[in-house]
Every structure is written in C-alpha cells, then in structure tokens.
Amino acid sequence: TQPGESWWICDCIKAICIEDNIIQVVPVICNPPPKPTCTNGLSPVQVIDEDGCCWHWECDCYCTGWGDPHYMTFDGLYYSYQGNCTYVLVEEIHKKVDNFGVYIDNYHCDTRDVVSCPRTLIVRHETQEVRMATVKPNTLQVEVTVNKQAVALPYKKFGLSIYESGINRVVEIPELKMNVTYNGLSFSIRMPYSLFGNNTHGQCGTCNNNTADDCMLPNGNIAENCETMADHWQVVDPSKPQCSPGLIPTKAPSTTPRQPCKESSICELLLGSLFEPCHGFVQPEKYYAACVFDSCVLPNLDLECSSLQIYAATCADQSVCIDWRSHTNGVCSYKCPSDKEYRACGPIKEITCKSSQQNETSTKQVEGCFCPNGTMLYDSGVDVCVKTCGCVGVDKIPREFGEKFTVDCQDCICVEGGNGIVCEPHECAEQNKASCDGEGFYEVNEVNSEDSCCPIVTCKCNTSLCTSKAPKCTLGFEVHSHIPSGQCCPVYQCVPKRVCVHQNAEFLPNSSVFVDKCQNCFCTNEVNISTQLNIISCEHIPCNTYCEPGYERQPVKGECCGRCVQTKCVIHTSENSDLILSPGEFKNDPYNNCTIYSCVNIHNQLISSTSEITCPAFNEESCKPGTITFLPNGCCRTCAPLDSPTPCSVRQRKDFIVYKGCHSVDRIVMTECEGTCGTSSLYSAEANSMDHSCSCCRESRTTVREVELKCPTGHSVSHKYIYVESCSCQDTECSSSQTSELQSTEENDKASTLNRIKRAISLTAK
C-alpha cells in the first residue's frame, strides 16, 4: 500500500497508510446536515451517502394526477389539462435506463367533451410494458396487463413487480427505487432524486426542486404555462387517429369556472378540521381548487371525491392518516367484499401467512379493504382471510393442518411444509353396472348423493332412439301404445274408436249420420264383428203411398217418396162414372154399346178418345118376322138373311200324309178352318172417310201331333204336323186406295190404333 491510500475496515472506520507500515485508523464522524425545504411541500427524505456511513437530505420526485385531470408536478406546480390523447408523464432527458417512461391515456369523461379523465397508466421498462386500465369510467376498478396479456397480482418478472396496496395498484422497479400507483381516479409517481434529479421531462415536469422550469417543452424551451406545455407531449397512439404529435395545440379551458357556482360541501372538508392534522405537511389549497372545479364543471360525476382521495393519499405518504370517507354522507363511500372490511389507515403491504415473520417498519399507510381483526391474508396471491395459517386450495376454502377433504374429486390432506396440500385421485367403490342392450336404452351417469365424485351408471330410456314408428290407422281406428315391462320402446296397435264411419267421416254413437235425404240414420252402439265399427241404423222417411185412380207411384230421382205418375187413361162417362183404360185398351160404354172409349200412349202422353157409332137407316117393317138382329157391333139392328152362311168352324178330313217321299201307312185325321166372317165398309164422321173392316176364318188354337211315315228305303221316320183345335174370325188388313205411302211413323201408329177401334165397331157382318 502506498502512503496516503485508505480503505474501510468496518463500521465506518477508515484506515489510512502513513508510511513505513504506519496505519492511521480514523472513525468517520457524521454531522447531521441541515433539513432543506422541498418546493413540492413534502418532507425531505434521508438518503445514505455513497460511503454507507453518513446520510443527506433529498427531495424525492413526487408527481400526482387526479380528477379531470389535475396535475401536481415533481416540484409541486399545480395545473389542469383536459386533452384526450396519450401523453408523456415522465421520460429521461439523457437516456440511462433502456426503454423507460411513464405515460397517461386520457379520455373525455363528459358528454360535452369539455374535460377529460385518466383511463390508462402505462409504465415501460426495458422489455416490459405495463398497462393499468380503468375497467369502468370514474370507478376504482383497474385491470393490469403486461405486454398486452392480463396478469394476476402479485406479479414479479425481469426486475419489475406489480402488487395491490389497499385500493391501489402499484408498479415497482426496485433497481430504480421508484414506484407508480394508480387506482382508476388518481395516480402518483415517486422517483429518487439521486437517480432522476435534473433528468426528467414530460407533463410531470423537471425534478430539480425548482418550479421555474416545470413547463419545459420537448425542445427544451419553457412554455408560458403548463397547460400549453402539456399539449406538446403527445405520443403516437394507433387507437386515437385524431391525435398526432406536432399538431398545433388547442388552448385548454380555464381551470376557473366562468359562472360562479356553489361548490360541493365535500370540498369544504379539505379546509376544515377533518384534514387539519395534515395541513402542516401538505398544503390543501390546490386540492381544494381542483375539487371546486370538478364539482362545478361535472356536478353529476362525483369527481370531487378524487381530490379528497389524492390529498388523503399524499397525507398518508407523509405518515398522516385521515379517515375521511365516513364524513361525505355516502357520496365517496367505498364498498368492500363481504369477507373484508374498509380501513382508512392500513399497511402498504398487508401481513400474510407467508410474510408474517418479516418486520415491517414503514410508518406509511394506505386506505383499502383488509382482513378483519383476528384474521390475516393467507398470501398476497391468494385473496383469502384465514384465522389460522393452514392451507388454501383452488376452492379458496381455508383448511387446518391435518385436515382431510375432497376437492375436484381428489382426496387431499393439508400438511405443513412443501406445497401444503397433497392430493391423490378419489377412489370409487365398485358398482353393479346395468345392462343397456335393449332398444332405446342408453347409459347415464347420475350424481351420487352419497359421493358426488362417483356417479352411478344407470340405464335411461330415450324413445327418440326407437326405430318402430306409430302406424297410420284407417278411419274408425286409433293408435294405442304401451310399453311392456322392462322395455323402452312402445308397442303400437290400431284399436277401434267405437265410432261409425261413413264417406271418410267418423260419427260418435247416438249422433246422426247423413246417408241421403230420404233416410233418417244414426250411429248405434252395436258393433259389426267383422269390421269392428259401430253399425249405422237407418229408417226411411214416412211417405204417403196413395195415388188417384189411373196413377201409380214411381221413383223420381232427387225425391224420397217418388211421385204419382199417370199410367192409365181416366175417362168420365155420361153417367158420371169413371172408366179406367190401359194404353191400347178400348171398351164399350156399360150403358150404351154405341159409345166406345179408347186409350193410346203417344210419345209417353196418354190420349183418351170417345167414339160414337152411327147406325144406317133401319126399317123394322122391311124385315121378315123373326129376322131382326144386331150387327156384330152390338149397337145397330139389321135384318138377318134366311139362308145364313156357314159360320167359321173346324172341318175334319182323312187323308194320307206324304213328306219327302215318305207317307203314312193309314189315312190320318186332319183339321182345317172353314166358314164366313163379317166384312164391312162404312163412313166415319170422326175420320171423315170410309172405314173398312175385314176379318178371316183362321185357326185360334192348334197342337202339334206326331205320325210315323214309311219311306221307300224301308225305314220309318217320325213326322210332326199341326192339328187345328179351334177356329175363329180374326181381323186382317184391308187394302186402302187413299193410304199415302209417305205417311210418317207417328201417323202409322195412330192409324194402327184407330183401325183397332174401327174393327170393334163394325156395322155389318159379311
């Protein structure tokens, strides 16, 4: 060691080499430095010197923002700024830390786009970017992401840690001895002067304990006010295309309301006795001005609470804790989960089962939700309050050491040491597995009330799995189904509905059935054994069957009882009696043979006629006695001749019968008709012409007889011949010179009928 060199031995004792192995031991004597005054109004902090023995005072860089928003720079300069872009809060002037900076993303929290509020606080450090974003505007709900990935707290990686401290989310970089706090309504940035003094710029200003240069622009010039300066610290944000660095900044609205308004009574708390214990540490006037501004410009958002909250937090940072929320009549109340309780003065880092042995000497406190007295937080990453430090699993239920439990179908035990909880798969007792082979059955795991981890396998029936379908039944039948015992799928069959069926319609028993309008029908309860349908019983509608003489009842289409139709002629005689004649029939008047009635059917029309016989002049004196007689017509008289001609009769004769060379052996009795018949010619007044009547003597009844004939060849043959039994005079046609060959069919029919009448009234006999 050369003379003059020195080195530290221990406990702030320095050894100095004098010469010739002479060493001087000099203890370091520290004289307390004078306490400076920090321009930001906060208390200075003690900082250990580089030798590790003595210390000196420094004013930490402490920047805050709250409300819509209001800023307090590192050096304590207060201003308000309502831009709605993303801005630089802190960056180094001379870059010493790689990719380091703190940024704020503001948005218009008023529909009039007058004021803005913080939405996201961004912290960049080397390879990591932390975003603390407000989940719901104007609330204390904050979501944390690292490199755009959500993370659970506490988080610690690459020299950066994030944790909860009361109502706040804190990003801490131990290497830089700095932290950033955000709760959705306000933020604070604390940085050591020893590392960042005179080397910061941005909306938080320059940390040098001098407010004169806090409104520094990016080019190093000083703006006339910080509202103008704040506009120049925009950064590129793809989500906000309307924002672009370098645009001409717009003049920010005045922080003083244009129209006087009555400030909220909550703001008065800042100047009252409630916060008086802190007035000596942190001046309240600037916070009061911000509170009045928020209550006047945005009276419905309760933003004035943020001024009280940031002031109380700054007081707590100076070790002055004030329970203020209970004095706001519920306007600024804070609700905690059911298992936590609110405290205005709680530890910055809550004691847990994992950290209970650590000695926390910090006097600083924060507000937030903490475990009730008699309990403690199990771990910073496990938000469960426990009475005893045992185990807490994924179910968030505290367990004591040695306690056995089942969770997620794992049999677990809480043990001290290691991971705390040791689990193994839950074992299920064997069960008789049901067979589900039948159609429609399928296996189902049902919850076991005795052991929820071991489901009971049962067979369930699902009829949609059945292949058999219900048949389509004919009318009068319906589908019935039943499920046989032990089966799933139904068995179908068509069964009678006990109804009648007629013309594709069903009828209930005792209901009327329309068959046709001529019958009254109804459905009976009787069943046809062959068809299994009920029988339809019908009765014909009662009809009047009487018809007048000469009429007959005949069926008529569309009528039930038919109709009386004339089938015979009805003739009224001179004696007021009725004579009924069929078509083609004629009769003499019962009381007068000289009157003849007739009936003809011409084209389905019945025509009756009456004929009167006109007799020729007759003189009885011209007849010989006993010769007066009636003509064949029974009406006219005449003289009968004495030599009466032979009447028409059968005459017999015997003779051989010869037929085709064969002849009878003996003479055979054969008969023939012979005699005279009446023939007449007289004038008819009705026809206005001569009427002729002719008759012949002809056979009226014959029989067929057989006789044996002998042939020349010697053989015999049987031969039939006609034998006349009786003869009579029969009408025949008389040729007429006046008959027209062109007479129509209708005239021929009439002539034929008239001829029959004329023959009946022949006046003379041949």
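Predicted model: local features only at pLDDT ≥ 70, side-chain atom pairs only at ≥ 80, totals over all residues.

Tutor: Cysteine 673 belongs to strand β51 (residues 668-674) and cysteine 727 to strand β54 (residues 716-732), so the pair ties together parts that are 54 residues apart in sequence.

Student: How far apart are the sulfur atoms of cysteine 673 and cysteine 727?

Tutor: A pair of cysteine sulfur atoms counts as a disulfide within 2.5 Å. Cysteine 673 and cysteine 727 form a disulfide, and the separation of their sulfur atoms is 1.7 Å.

Student: Does cysteine 727 count as buried or exposed?

Tutor: The term buried applies under 20% relative accessible area. Cysteine 673, at 23% relative accessibility, counts as partly exposed. For cysteine 727 the relative accessibility is 14%, and therefore this residue counts as buried.

Student: Which parts of the chain hold cysteine 473 and cysteine 494, and how many residues apart are they in sequence?

Tutor: A disulfide joins cysteine 473 to cysteine 494, with an S to S distance of 2.0 Å. Cysteine 473 sits in the loop between β31 (456-461) and β32 (477-482), whereas cysteine 494 sits in strand β33 (residues 491-496), so the parts tied together by this pair are, in sequence, 21 residues apart.

Student: What is the handedness of the link of cysteine 473 and cysteine 494?

Tutor: The angle about the S-S bond is -90 degrees for cysteine 473 and cysteine 494. The link of this pair is accordingly described as left-handed.

Student: Where does cysteine 389 lie, given its disulfide with cysteine 353?

Tutor: Cysteine 353 and cysteine 389 form a disulfide with their sulfur atoms 2.0 Å apart. This pair links distant parts of the chain, 36 residues apart, with cysteine 353 in the loop between β21 (341-347) and β22 (365-370) and cysteine 389 in the loop between β24 (382-386) and β25 (391-392).

Student: What is the relative accessible area of cysteine 353?

Tutor: Cysteine 389 counts as partly exposed, at 32% relative accessibility. Cysteine 353, in turn, is buried, because its relative accessible area is 16%.

Student: How many disulfides does the structure hold?

Tutor: The pairs discussed here include cysteine 353 with cysteine 389 and cysteine 473 with cysteine 494. For the structure, the number of disulfides is 31.

Note on methods
Residues numbered from 1 in each chain as written. Heavy atoms only, no water. Helix = DSSP H or I, 4+ residues; strand = E, 2+ residues; numbered from the N terminus. Buried < 20%, exposed > 50% of the residue type's maximum accessible area, 1.4 Å probe, protein only.
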